[in-house]
Amino acid sequence: MTTAPVITTANTRLRPHRIEDMEAFEAFFKSPRAAHMDVPENRTHLWYGFASEVGSWALCGWGGWAVETHDGALAGQVAITQPPHFPELELGWILFDGFEGRGLAYEAAGAARDYCFGTLKAPTLVSYIEAANTRSRALAERLGAKLDPAAETYDAADVVYRHQPAGAAA
């Protein structure tokens with residue numbers, strides 16, 4: 001696969017990124033919403049990260065999706081990714097300002113997780129979340145992920161939540 005597949009949920013549409021999406025990511029990373037994330041140092045580093053989310057589809061068969069509302073508003077991103085410094089395949093998400101409280105992140109992350117287990121046949125999936133990021137931790141738990149204190153992480157500030165396919169032993 002060379003680009004992200006389109007996945008439609010009740011309230012979101014996961015689609016391949018377009019170059020114009022990068023502007024929204026730049027605004028996000030300059031906002032307080034990115035407080036718990038590794039923020040790109042400059043626009044060039046933003047490009048590297050953005051392009052890796054897009055290019056991972058061609059290289060690995062997974063990557064980032066733009067999350068849109070059904071009226072076409074760009075609400076954030078979900079991604080299945082494993083850059084070289086990640087010990088395991090990760091499900092990650094970001095939600096842009098103004099889109100919280102509508103269940104969009106839950107729906108989009110659940111669709112990405114289900115794609116990973118159903119299509120990619122991954123045996124497990126983790127989410128690396130800064131320990132202080134209580135909102136993302138709550139979302140991981142709502143998605144059914146369990147805290148895995150034995151899992152390796154690349155950042156000492158993170159905790160690891162493990163997602164399992166439906167019906168898998170916890």
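Tutor: What follows is a set of questions and answers on a predicted model.

Student: What makes the pair Arg162 and Glu88 a polar contact?

Tutor: The two side chains come to 2.8 Å, and the cut-off is within 3.5 Å for a pair of N or O atoms. Glu88 is also among the residues in contact with Arg162 once neighbours within four places in sequence are left aside, including Thr124, Asp148 and Ala151.

Student: How do you know whether Trp47 is buried, partly exposed or exposed?

Tutor: Trp47 lies in helix α2 (residues 43-60). Its relative accessibility is 40%; buried is under 20% and exposed is over 50%, so Trp47 counts as partly exposed.

Student: Which residues form a nonpolar patch on the surface with Trp47?

Tutor: Ile19 and Tyr48 form the patch with Trp47, and together they have about 350 Å² of accessible area.

Student: Which residues touch the most other members of the largest nonpolar core?

Tutor: Of its 40 residues, they are Leu14, Trp65, Val78, Ile80 and Trp93. Helix α3 (residues 104-118) gives the most to this core, with 9 residues. A second, separate core has 5 residues, among them Phe86, Tyr128, Ala151 and Val160.

Student: What does Ile80 touch beyond four places in sequence?

Tutor: Its contacts include Trp62, Trp65, Leu89, Leu91, Ala112 and Cys116.

Conventions: Residues numbered from 1 in each chain as written. Predicted model: local features only at pLDDT ≥ 70, side-chain atom pairs only at ≥ 80, totals over all residues. Heavy atoms only, no water. Patch = residues over 30% accessible without salt bridge, like charges linked within 9 Å, V, L, I, M, F, W, Y side chains within 5 Å. Areas by Shrake-Rupley, 256 points an atom, 1.4 Å probe, with all protein chains shown as cover. Salt bridge = Lys/Arg side-chain N within 4 Å of Asp/Glu carboxyl O. Helix = DSSP H or I, 4+ residues; strand = E, 2+ residues; numbered from the N terminus. Buried < 20%, exposed > 50% of the residue type's maximum accessible area, 1.4 Å probe, protein only. Polar contact = N/O pair within 3.5 Å; in protein donor to acceptor, adjacent residues only side chain to side chain. Contact = heavy atoms within 4.5 Å. Core = buried A, V, L, I, M, F, W, Y, C linked by side-chain atoms within 4.5 Å.
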